[in-house]
Amino acid sequence: MTYQQPQPGQPQQPGWGQQPPPPRKRKTGKIIGFGCLGIVGLIVLIVVIAMVASGGDDGNESSTTNPSATQGEAKKDEPKEEESSEKAPVTVTAKAVAFKKSVLAQGDDYTSVQVTITNNGKNDIEVNPLYVTITDTDGSKHTAELGVDEDPLDAVTLSPGENATGTVTAKGTFDAKYVTYTDGLIGDSVRGDVS
């Protein structure tokens with residue numbers, strides 16, 4: 001049997017003089033790689049958001065940690081602070097009050113602060129006792145214990161011009177210095193000194 005070279009235009013017999021087709025490239029590895037990259041990216045985004053949310057309050061604390069250095073400046077800036085609080089979309093006022101034990105409280109080792117949150121802005125805001133922290137005179141933050149005081153701050157939506165008043169209570173006995181309200185979990189923080 002003699003082998004003849006095919007003439008142009010004639011089909012070749014399979015397997016003779018042909019290279020096998022290259023194997024198909026699978027995209028599974030790329031899909032898994034992009035999926036893993038997406039998960040890592042989401043985790044990084046969540047961590048960054050959490051750091052920004054908790055770090056926004058810390059920046060304000062560091063600027064007021066040395067009151068003797070800024071005492072002269074504070075007296076000059078007091079009228080400006082009052083003007084800015086009138087223009088602020090949210091204002092927070094707080095005063096120390098006696099703890100009124102509810103049926104859910106276990107013991108009397110709690111500190112209560114009566115908080116009033118006022119919406120001066122143009123949009124609705126969400127108020128929730130979990131959005132309020134109490135900072136003591138030592139600089140430690142305390143989160144709200146729900147339902148332990150008889151007059152708690154309710155979870156409500158405030159329309160422009162409305163306000164909500166209630167007690168935010170934290171575990172332990174301490175001297176409250178200020179409260180911090182965060183608009184939502186990652187929104188802007190507003191501080192109110194405890195009187």
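Val194 touches Ala94, Lys95, Ala96, Val113, Ala176, Lys177, Tyr178 and Val179, leaving out residues up to four places away in sequence. Touching, or contact, here means heavy atoms within 4.5 Å. Val194 sits in the segment after S9. Helices (H or I, at least four residues) and strands (E, at least two) are DSSP runs, numbered from the N terminus. Val194 and Ala94 are 100 residues apart in sequence, while their C-alpha atoms are 4.7 Å apart in space.

The model you are looking at is predicted: local features need pLDDT of at least 70, side-chain atom pairs count only at pLDDT 80 or more, and totals for chains, interfaces and linings use all residues. Residues are numbered from 1 along each chain as its sequence is written, and side-chain values use heavy atoms, with hydrogens and water left out.

**The whole chain**

Let us step back for a moment. The protein chain has two helices and nine strands. Read from the N terminus, the order of elements is α-α-β-β-β-β-β-β-β-β-β. Of the contacts between residues at least 6 apart in sequence, 71% join residues at least 24 apart. The protein chain exposes about 14,000 Å², and carbon and sulfur atoms supply 55% of this area. Accessible areas come from the Shrake-Rupley method with a 1.4 Å probe; for residues, only the protein chains shown count as cover.

**Residues inside**

How much of the protein chain do buried residues make up? They account for 27% of the 195 residues. Buried means under 20% relative accessible area, exposed means over 50%, and partly exposed lies in between (1.4 Å probe, protein chains only).

| Residue | Relative accessible area |
|---|---|
| Val132 | 1% |
| Ala144 | 14% |
| Val194 | 16% |
| Tyr131 | 19% |

Val132 is part of strand S4. Apart from neighbours within four places in sequence, Val132 is in contact with Ile117, Ala144, Leu153, Val168, Val179, Thr180 and Tyr181. Val132 and Thr182 are 50 residues apart along the sequence, with 6.5 Å between their C-alpha atoms.

Ala144, one of those partners of Val132, lies in the loop between strand S5 (141-143) and strand S6 (156-158). Ala144 touches Pro129, Val132, Val168 and Thr169, again not counting residues up to four places away in sequence. The C-alpha atoms of Ala144 and Pro129 are separated by 6.3 Å, and these two residues are 15 residues apart along the chain.

Tyr131 is found in the loop between strand S3 (125-127) and strand S4 (132-136). From Tyr131 to Ala155 there are 24 residues in sequence and 9.5 Å in space, C-alpha to C-alpha.

**Residues on the surface**

Now for the outside. Which residues form a nonpolar patch on the surface? Leu42, Leu45, Ile46, Ile49 and Ile186 do, with about 470 Å² of accessible area together. Patches are made of residues with over 30% relative accessible area and no salt bridge: like charges are joined within 9 Å, and nonpolar side chains (Val, Leu, Ile, Met, Phe, Trp, Tyr) within 5 Å. Ile46 belongs to helix H1 (residues 28-63). Ile46 counts as exposed because its relative accessibility is 52%.

A patch of negative charge on the surface gathers Asp124, Glu126, Glu162, Asp183 and Asp188. Lys and Arg count as positive and Asp and Glu as negative, while His and the chain ends are not counted. The place of a charge is taken as NZ of Lys, CZ of Arg, CG of Asp or CD of Glu. Asp188 lies in the loop between strand S8 (176-182) and strand S9 (189-193). With 64% relative accessibility, Asp188 counts as exposed.

**A charged pair**

Side chains of opposite charge can pair when their charged atoms come close. A salt bridge is a side-chain nitrogen of Lys or Arg within 4 Å of a carboxyl oxygen of Asp or Glu. By this rule the count is one salt bridge. Lys101 forms a salt bridge with Asp108, and their closest N and O atoms are 3.9 Å apart. Is Lys101 partly exposed or buried? Lys101 is partly exposed, since its relative accessible area is 41%. Asp108, at 57% relative accessibility, counts as exposed.
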